[in-house]
Amino acid sequence: MSYKYDFFISYSRKGTVQKWLLTHFHKKLVEYLADECAPAPRVYVDRTMPRAVEWAYNLENSLRYSKIMIQLLTPPYFESDWCMAELESMHQREAMLGLAGADISQGLIYPILYSDSDNFPDIGRMRSWQDFKEYAHPDAVYQDSVDYLAFCRQVRVLARDLVQLAKQVPPWSPDWPIVERPNPVIIPPPPLPRFE
């Protein structure tokens, strides 16, 4: 077995980051990664999940078989049990490999700052990030603005950096840890009360 994905995008579904990811960021990232090397790096985002799969297992397996986790930082990210499980899984992998520590400071988590940062917990402030706050415009009309060109340039720089990092990732191991999965996001409604 080996890696299936080069990059796994971890994000919260709250706020505007999901719309920004799907409207602008994912598409441009995939395009610019393809410009940087062949074959084109593979990017996992949960919105491209096949139909009829058990989504929790799909997320876990996709993370386990990904080289690097791209973390889209927003305040709700740190309140999401799923995001924290993904983050902790990668932290444990880094610990197994001796990465993101005193001897080797480079890790497998690549943070991108989408919003805030003043209210992040300490765990969200420990790594340097790529700052995309000035490009955090989720609406499609942003693509028609003059500022969109600057956003594209920033994604191109990011793509170059990610390709270089992906080349340095240690070989895949079946022992990569995955922390216990949180409760499901979709909870079935309680049964209706019945008359006696």
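Let's start with the overall build: this protein has four helices and five strands, where helices (H or I, at least four residues) and strands (E, at least two) are DSSP runs numbered from the N terminus. Walk along from the N terminus and the elements come in the order β-α-β-α-β-α-β-β-α. Keep in mind that this is a predicted model, in which local features need pLDDT of at least 70 and side-chain atom pairs count only at pLDDT 80 or more, while totals for chains, interfaces and linings use all residues. Residues are numbered from 1 along each chain as its sequence is written, and side-chain values use heavy atoms, with hydrogens and water left out.

How much of the protein is buried? Of its 196 residues, 46% count as buried, meaning under 20% relative accessible area with a 1.4 Å probe and protein chains only (exposed is over 50%, partly exposed in between). Now take the contacts (heavy atoms within 4.5 Å) with a separation of 6 or more: 71% of them are between residues 24 or more positions apart.

Next, the rings. Rings of Phe, Tyr and Trp (its six-membered ring) pair if their centres lie within 6.5 Å; planes under 30 degrees apart count as stacked, over 60 as edge-to-face and the rest as tilted. By this rule there are 17 aromatic pairs. One of them joins Trp 20 and Phe 151 edge-to-face, with 6.1 Å from centre to centre and 70° between the planes. Trp 20 sits in helix α1 (residues 17-36) and Phe 151 in helix α4 (residues 147-167), so this pair links parts of the chain 131 residues apart. Both Trp 20 and Phe 151 are buried.

Phe 25 and Phe 132 also pair edge-to-face, at 5.9 Å centre to centre and 80° between the planes. Phe 25 lies in helix α1 and Phe 132 in the loop between β5 (130-131) and α4, so the pair ties together parts 107 residues apart in sequence. Phe 25 and Phe 132 are both buried.

What sits over the ring of Tyr 65? There you'll find the charged end of Lys 4, 4.5 Å from the ring centre. The rule here is that NZ of Lys or CZ of Arg is within 6 Å of the ring centre and within 35 degrees of the ring normal.
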